[in-house]
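Thanks for asking me to look this one over.

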Amino acid sequence: MMTPEERAMRRPSVMRDRAARRMLADHLVPGLPIDGDPPETRRRADAMGDSLDGVVKSLLSVPNEFYDRICSEWTSLFPGSPSKPLSFDEDARAFKIVLAVPNAGAAFALRAQMPHIKRTLKALDGAPRKKITLLVRIG
Amino acid sequence: MRDALKLHPRFACPYSEKLAAECPGFAMQVEPDVRESDEDDEFGTDPFGEEGDGAACPGLKQRFPDRVLVMTSDSCFMNCRHCTRKGLLSNADVVRTDEDLAECINYVKDHPAVRDVLLSGGDPLVLPDDEVIRFVEAFADVPQIDVVRLCTRAPCTNPERVTPELARRLGRCGKVWVNTQFNCAGEVTPAAAAACACLVNAGMPVSCQTVLLAGVNDSADELLALFRALQRARVRPYYVFMCDPVAGTSHFRVPLERAREIEAECAERIGGLGLPRFVADIPGSPRKIPISEIESLP
């Protein structure tokens with residue numbers, strides 16, 4: 001009597017087997033892991049110059065008058081808010097302000113304040129014309 | 001009230017109208033309420049910043065590194081009164097042309113960390129079958145994509161839309177997961193269960209994202225009845241969301257403490273497979289926050 005392994009070996013490939021193999025092959029991306037997890041590892045190789053630029057950028061503190069102002073005036077602009085500005089970033093579409101909150105409870109409470117914070121920031125003198133986006137970091 | 005209706009008109013397809021007449025919990029999601037015009041409501045109409053400049057390219061938004069949201073349509077089979085995008089529907093930035101779709105595909109290819117594409121809207125199933133399949137196949141054919149999520153309320157609001165032929169074609173893509181929304185047990189009608197069975201039998205996992213709504217499902221008994229009905233229909237209860245911070249939904253919001261009590265009671269009365277995660281989606285946060293983590297409000 002044949003073992004399951006022997007039976008499997010003797011079985012000719014059927015359409016379903018070929019489809020399964022093709023599906024696996026379809027998922028292969030040169031230079032990327034087969035299983036794709038974790039997705040953070042899915043990066044195309046950066047040029048050395050780009051990497052150096054990134055490092056230099058992360059070490060330099062980019063002055064921004066508007067961001068400096070809201071940092072200094074945050075508690076008077078938003079008294080009682082559980083948040084405080086942590087950093088900023090901007091691209092062609094948006095001026096992004098990262099707000100730090102101490103815990104998940106504070107983040108939940110911040111939900112109700114975010115439209116007011118956005119409106120107030122947008123109305124300040126010197127506010128960027130582009131969209132203001134708030135990002136939240138806990139802890 | 002007139003402002004609320006202007007922003008988000010009352011609309012329901014014939015099936016939803018019939019269901020609203022039979023199921024009070026569903027009717028609350030269909031019928032406008034005077035409290036939608038509450039001027040003290042502190043929330044905006046676009047809590048997640050999806051309007052206009054929120055798009056990375058036409059109709060595509062990226063909030064998390066491994067996922068993108070693709071707006072395939074700007075209408076639904078009914079206008080839910082608790083809709084997160086009530087300020088965006090009818091004039092949303094959606095993928096309308098082949099060029100828009102090509103741009104979305106190129107965006108995904110340029111961001112190799114993206115592995116999960118959410119086809120949403122509006123409801124993608126308001127589109128004809130061929131259009132739905134065109135979207136699904138376009139993203140499923142990108143090798144880095146593991147999951148194409150079809151975010152549709154059609155199994156609940158218009159189950160006849162889910163035909164065996166459509167399910168077969170979706171299932172054949174091999175990467176499609178369906179996320180739907182049922183909010184009370186009365187919504188899981190035989191027709192709805194048949195639509196879910198159609199999708200599951202075609203090889204697609206079907207999950208349910210419920211929204212915790214005051215007056216609709218804000219008790220452990222009501223939610224447990226829903227979770228059991230979903231399991232009978234082979235639908236995985238996946239999330240229970242706190243109502244999103246969108247204007248005009250103050251009457252639907254359940255206090256956090258009450259939500260935690262409901263979650264604790266549900267956890268004691270149903271097994272893990274039938275118990276979804278109770279979470280709050282916080283604009284700008286890199287993850288959804290389980291309400292059990294929110295120990296105290298400041």
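1. What share of the 298 residues of chain B count as buried? The figure is 48%. Please keep in mind throughout that this is a predicted model. For chain A, buried residues come to 16% of its 139 residues.

2. A word on the overall dimensions of chain B. A compact globule of 298 residues would have a radius of gyration near 19 Å, and chain B, with 18 Å, agrees with that. Along the principal axes, its C-alpha atoms fill a box of roughly 45 × 40 × 40 Å. Of the contacts in chain B with a separation of 6 or more, 81% are between residues 24 or more positions apart. In chain A, 52% of the contacts between residues at least 6 apart in sequence join residues at least 24 apart.

3. Now to the fold of chain A. It has five helices and three strands, and along the sequence these follow the pattern α-α-α-α-β-β-α-β. The three strands form an open sheet in the order β1-β2-β3, with mixed pairing. The edges are taken by β1 (84-90) and β3 (131-138) of chain A; each has a single partner strand, so one side of each is left without a neighbour in the sheet. On average, neighbouring strands here are turned by 25° against each other, direction ignored.

4. Stay with that sheet for a moment and look at β2 (residues 94-101) of chain A. This strand runs parallel to β3(A) and is joined to it by eight bridges. If you want one pair to find in the viewer, Ala94(A) has Lys131(A) as its bridge partner in β3(A). Helix α5 (residues 104-123) of chain A packs on the sheet, where it touches β2 and β3 of chain A. The direction of this helix makes about 160° with that of β3(A).

5. Chain B contains ten helices and nine strands. Its nine strands make an open sheet with mixed pairing, in the order β1-β2-β3-β4-β5-β6-β7-β8-β9. The edge strands are β1 (60-64) and β9 (289-290) of chain B, each of which pairs on one side only.

6. Strand β5 (residues 176-180) of chain B runs parallel to β6(B) and is joined to it by three bridges, and the partner of Asn179(B) in β6(B) is Ser207(B). Six bridges join β6(B) to β7(B), also in the parallel sense. There, Cys208(B) stands opposite Pro237(B) in β7(B).

7. Which residues of α9(B) are buried? They are Leu223(B), Leu226(B), Phe227(B), Ala229(B) and Leu230(B). These residues cover an arc of only 165° around the axis, which puts them on the same side of α9(B). In general, an α-helix has 3.6 residues a turn, so residues three or four places apart point the same way.

8. Arg234(B), in the loop between α9 and β7 of chain B, has a positive phi of about 60° although it is not a glycine. Is Arg234(B) buried or partly exposed? It has 14 other C-beta atoms within 10 Å, so Arg234(B) is partly exposed; a buried residue would need 20 or more. The other detail is a cis peptide bond between Gly121(B) and Gly122(B), with omega about 20°. Gly122(B) lies in the loop between β3 (116-120) and α5 (129-140) of chain B.

Notes:
Residues numbered from 1 in each chain as written. Chains lettered and ligands numbered in written order. Predicted model: local features only at pLDDT ≥ 70, side-chain atom pairs only at ≥ 80, totals over all residues. Helix = DSSP H or I, 4+ residues; strand = E, 2+ residues; numbered from the N terminus. Buried ≥ 20, exposed ≤ 12 C-beta atoms within 10 Å, placed from the backbone. Contact = placed C-beta atoms within 7 Å. Pairing = 2+ DSSP bridges. Axes fitted to C-alpha atoms, helices over the stretch in contact; angles between N-to-C directions. Rg over C-alpha atoms; globule rule 2.2 N^0.38 Å. Arc of directions from axis to C-beta.
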